[in-house]
Amino acid sequence: MNSTTKFVLLGLASLALVQPSRAQTIYQVTSAYHHIAVVDRVGYRVLSFNGSWESRVSLANPLTGHFEYCELLHVPWLWNPAMTNVLVVGLGGGSTQRLYQHYYPYVNLDTVELDPAVVSISKYYFQAQETARHKIHTMDGRVYLRRTQKKYDAILMDAYSTSRYGSFIPYHLATTEFFTLAAANLTENGVLCYNVIGNLNGFRADILGSVYKTMRGVFPQVWLFPASDTGNVVLVGTKSKEPVTLAELEKRAASLVKDKVVTLPNFDKRVRAFRAAPPANLARAKMLTDDYAPVDGLLTGSGR
Amino acid sequence: MQTAAAILLVFLGGFAVMVLEIIGARFLLKDFGGAFYVWTSQIGVVLVALSLGYWFGGRWADRFQRARFLAWLLAPAGLFTLAIPDFAPRLIDALVSRHPADADIPLVWQKLDPALGSALVFLFPCFVLATLSPYMIRLLAAQLGNVGAVSGAVYAASTAGSVVGVFISGYVLLDHLSLSIIFRATGVLTLALAGLCLCLDCRLVRKT
């Protein structure tokens, strides 16, 4: 029995136990960082930290049911059609890893996840798989990057901490010093994708503007890919100085799809989320440094 | 008058300890990663510093009986704190880099490294600041009959200072000042406390 089948059977079994319309907490634990719950509801399995939804997967088909931003994390292919090494910071329910392993089985993946409990839950309840081409490192993302000698074609940032009041970017993963470190671990055409929880206007716009401004201080080009289903924007920093347009990216996407480099359904649609213009609040956004990064104070103040 | 000055001294001492604890945790986070072990270490190390400071502070108070002696402790502690932004990054870097690159750091060191880092940077200044309370109790207590009231007032003032330090650091300082500036300001404050001890010296000496 392969793992997908097991996964589906496990899903069906847990569905059969409850009325399909009701949410059923199938596992919960308090780790050093969060109260973590695995909840099955109406055909989906959800990973929850302190009540939030970190990750979601369809029980019937694990390749679906994830949040849209996971697909936006595939845009690095537009800048590098021959990626072989990808680093993901943040495991969660393993949606990003699952998609990469399925659609690009030849890519070497490294995942860095801080919380050992998340690693075991992700493996058991979300079928995160460690293979010869996917190694999970249980440590802090910045500590990992600082110590590794490896160079990556893409670094995908999806590390969050969650409280009752919402999700927070760990401040040390969003400063000039961090992005400088990340850029040093990228190959020549390397791309850094940052999943930022926030909207272009309004909700958490200050955080988004600040992360954008801080990335622009390190990467020659930064582009935005806002998700349509949730308040997430994927910021894409490229080491390439070349400016791009939507037309150019669509052309690249079409050729990636034609050559079967990218087989992710909807890839062309995701590429069209592209936005070249910086966030409107850029002028008053603050550059974040190790020395000064008020991410959980000034920047999240909803009253401002 | 001297009582008020002594109470102010322990209040500001308690304040400075908690600024170092809260801002220090933030400072260590970028090098040791995820907040949990950093917080555990920082709280543990500061409590060790307080415990040692109370112990030695009390003994030194009996032995020297002069507020002047505290200036000799506070001045180096102030200079040390003032210099944290200059020496601490390199020190912490050496601590983190001692593990072989490209192999995961063993979990036990992921837990203990932040405590070692915290001890190297924060143990000494917090230890010195903790000596103030028992020392002041010795100098202020004129006779055995009022030791209860004197020690109560000193504890209360020192803890009240700590309370203010926690909230000011977490709610205000982090949002408006850089970590380096906060450390330097705390260093200057500690030097000012050394000065205050010198002023107190002639006033309190006759008490013994």
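The questions and answers below concern a predicted model with chains A and B.

User: Which helix of chain A gives the largest share of the side that touches chain B?
Analyst: In this predicted model, 18 residues of chain A are in contact with 15 residues of chain B. The largest share of the chain A side amounts to three residues, and the element that supplies them is helix 5 (residues 141-147) of chain A.

User: By class, how do the residues on the side of chain A that touches chain B divide?
Analyst: The contact between the chains draws 18 residues from chain A. Sorted by class, that side of chain A has five charged residues, five polar residues and eight nonpolar residues.

User: Is Asp268(A) buried, partly exposed or exposed?
Analyst: Asp268(A) lies in helix 9 (residues 267-271) of chain A, and, leaving aside residues up to four places away in sequence, it touches Glu250(A), Ala253(A), Ala254(A) and Val257(A). Its C-alpha atom is separated by 9.7 Å from that of Leu256(A), twelve residues apart along the chain. Because a buried residue needs 20 or more other C-beta atoms within 10 Å and an exposed one has 12 or fewer, Asp268(A), with 15 such neighbours, counts as partly exposed.

User: What radius of gyration does chain B have, and why does it agree with a compact globule?
Analyst: Chain B has seven helices and zero strands, and its C-alpha atoms fill a box of roughly 65 × 35 × 25 Å along the principal axes. Of its 208 residues, 46% count as buried, and among contacts between residues at least 6 apart in sequence, 88% join residues at least 24 apart. Because a compact globule of 208 residues would have a radius of gyration near 17 Å, the value for chain B agrees, at 18 Å.

User: At what angle do helix 1 and helix 6 of chain B pack?
Analyst: Helix 1 (residues 2-32) and helix 6 (residues 147-176) of chain B have their axes 6 Å apart, and their crossing is right-handed. The contact of these two helices has 19 nonpolar, nine polar and one charged residues. The packing angle of helix 1 and helix 6 of chain B is about 35 degrees.

User: How many charged residues does the contact of helix 5 with helix 6 of chain B have?
Analyst: Helix 5 (residues 107-140) and helix 6 of chain B come within 9 Å of each other by their axes and cross at roughly 145 degrees, in a right-handed crossing. Helix 5 of chain B makes the contact through Ser133(B), Met136(B), Ile137(B) and Leu140(B), while helix 6 of chain B uses Val150(B), Ser151(B), Val154(B), Tyr155(B) and Ser158(B). By class, this contact has six nonpolar residues, three polar residues and no charged residues.

Note on methods: Residues are numbered from 1 along each chain as its sequence is written. Chains are lettered from A and ligands numbered from 1 in the order in which they are written. This is a predicted model: local features need pLDDT of at least 70, side-chain atom pairs count only at pLDDT 80 or more; totals for chains, interfaces and linings use all residues. Two residues are in contact if their C-beta atoms, placed from the backbone, lie within 7 Å. Helices (H or I, at least four residues) and strands (E, at least two) are DSSP runs, numbered from the N terminus. Ala, Val, Leu, Ile, Met, Phe, Trp, Tyr, Cys and Pro count as nonpolar, Asp, Glu, Lys and Arg as charged, and the others, Gly among them, as polar. The radius of gyration is taken over C-alpha atoms; the globule rule is 2.2 Å times the number of residues to the power 0.38. Axes are lines fitted to C-alpha atoms, for helices over the stretch in contact, and angles run from 0 to 180 degrees between N-to-C directions. A crossing is left-handed if the near helix is turned anticlockwise from the far one by less than a right angle, and right-handed if clockwise.
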